[in-house]
Amino acid sequence: MRQLATFVEPHYGHDRLGILLGDRIADASLAYAAFLAERGASSPYERAAVELPADMLAFLQRGDTALRALDEVFAAAIRKVNSAAIRGARGESITFPLTEVRLRAPLPRPGKIIHTAGNFREHAREGSAGGWDFQIPPWISFLKCTSSIIGHEDEIIYPRLTSKLDHEIEMAIVIGKGGRYISAENAWEHIAGFTVFNDISARDIQRREMKSGLLNLGKNLDTFAPFGPYMTLREDIGDVHRLKIELRVNGDPRQVSSTDRLSVRVPEIVSHWSVMRLEPGDIITTGTVSGVAAFRPDPGPYWLKPGDVMEAEIENIGVLRNRVVADHLTTQEQEWLQRRESLFKSDQKDEYRKE
């Protein structure tokens, strides 16, 4: 299975595109330079930087050229008995134990993040049963801010502005080839791969916004967009409509489902949102499954709190793990909050629902 990640190179601290090799990660561009050098190519580093860039977004934008180079690197790497023995063209280290590197979000700064809701009808049904005030029709959507992105093992900040923090595990589609008005029949060729997304939500803020038809702050506060840890390439995902989904909080399964419960197929989702031009590096999520705190009969015990550890897992992709931590404000931030907090809690008398 070919899986890619963005990792922080441990010696120089730069973000690099990596290829998973068992329990290690290889610098993709440097591995390709070594591959070229072994075959006597001139200027292997310069050529590798162009054909297999060290940045995930540049890799996606490079298209088929980068994919061919990746295939050559992967095929050469798996022939090595010990991936730790793989060295760069100058003898430098180009593979590292996963335990010794920090993984960033696979795309630290994607183009746009389109979140869709209502594609798992079980989520809509539990919302109605749980007394949620608003309909969840198919194709409802909102945009997620790239400034909210964090990666695997990064901390989710519990904002002072909410008391109802919630999770939503989602499978995310990473666009590899741009286009507009893409047919469902051709959509698969526009997909680069898939990753795990956890759509963190401040439900009390979300509820107040939705009274005005908005969906913004409750989904876009700092650290509210964790995704990763890897991107599985489309050819290696298996049956994308038959993948197990599970989100655990402190080891307790909260959301358990499967992509076979999608009411629309992945190609239809890509086709639908291609009405706004899609570009390499864009992300489209498929919506969440049942089991969120907000829609439970007694949500109180299920709201996230500082110290909670979430593990969001999708079959053939991996486990995205994040801990919730309390927000520590500077003096300036505390003053701002004291002046403006009432604006975000102006209808506290009309609570989300009594618990």
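## Ser-274 and Tyr-181

Apart from neighbours within four places in sequence, Ser-274 is in contact (heavy atoms within 4.5 Å) with Gly-179, Arg-180, Tyr-181 and Ile-182. This is a predicted model, in which local features need pLDDT of at least 70 and side-chain atom pairs count only at pLDDT 80 or more, while totals for chains, interfaces and linings use all residues. Residues are numbered from 1 along each chain as its sequence is written, and side-chain values use heavy atoms, with hydrogens and water left out.

Ser-274 is placed in the loop between α8 (266-273) and β17 (283-288); helices (H or I, at least four residues) and strands (E, at least two) are DSSP runs numbered from the N terminus. With a relative accessibility of 0%, Ser-274 counts as buried, a term for under 20% relative accessible area, whereas exposed means over 50% and partly exposed in between (1.4 Å probe, protein chains only). Tyr-181, in the loop between β11 (169-175) and β12, counts as exposed at 57% relative accessibility. Residues up to four places away in sequence not counted, Tyr-181 touches Ser-274 and Val-275. Between Tyr-181 and Leu-107 there are 74 residues in sequence and 24 Å in space, C-alpha to C-alpha.

## Aromatic pairs

A pair of aromatic rings is described by the distance of the centres and the angle of the planes. Rings of Phe, Tyr and Trp (its six-membered ring) pair if their centres lie within 6.5 Å; planes under 30 degrees apart count as stacked, over 60 as edge-to-face and the rest as tilted. By this rule there are five aromatic pairs. One of them joins Tyr-32 and Phe-35, which are stacked because their ring centres are 5.9 Å apart and their planes lie at 15 degrees. Tyr-32 and Phe-35 are three residues apart in helix α1 (residues 28-38), so about one helical turn separates them. Both Tyr-32 and Phe-35 are buried.

The pair of Trp-188 and Phe-194 is tilted, because the centres of the rings are 5.8 Å apart and the planes are at 35 degrees. Trp-188 is partly exposed, with a relative accessible area of 30%, whereas Phe-194 is buried at 0% relative accessibility.

## Charges over rings

A charge sits over a ring if NZ of Lys or CZ of Arg is within 6 Å of the ring centre and within 35 degrees of the ring normal. The charged end of Arg-296 is placed over the ring of Tyr-302, 4.1 Å from its centre. Likewise, the charged end of Arg-203 sits over the ring of Phe-295, at 6.0 Å from the ring centre.

## The largest pocket

A pocket is an open set of points on a 1 Å grid over the protein atoms alone, where a 1.4 Å probe fits, with protein on both sides within 12 Å along at least five of seven lines; lining residues have an atom within 4 Å of a point. Grid points are joined across faces, edges and corners, and a volume is the space filled by probe spheres set on the points.

The largest pocket has a volume of about 400 Å³. Its lining comprises 15 residues, of which Pro-159, Leu-161, Asp-327, Leu-329 and Trp-336 are the closest to the centre. At least two lining residues come from each of α7 (217-220) and α9 (331-344), and α9 provides the largest share, four residues.

## The second largest pocket

The second largest pocket holds about 260 Å³ of space. Among its 14 lining residues, Asp-64, Leu-67, Gly-176, Glu-189 and Arg-234 are the closest to the centre. Each of α3 (56-62), α4 (64-78) and β12 (191-198) supplies at least two residues of this lining.
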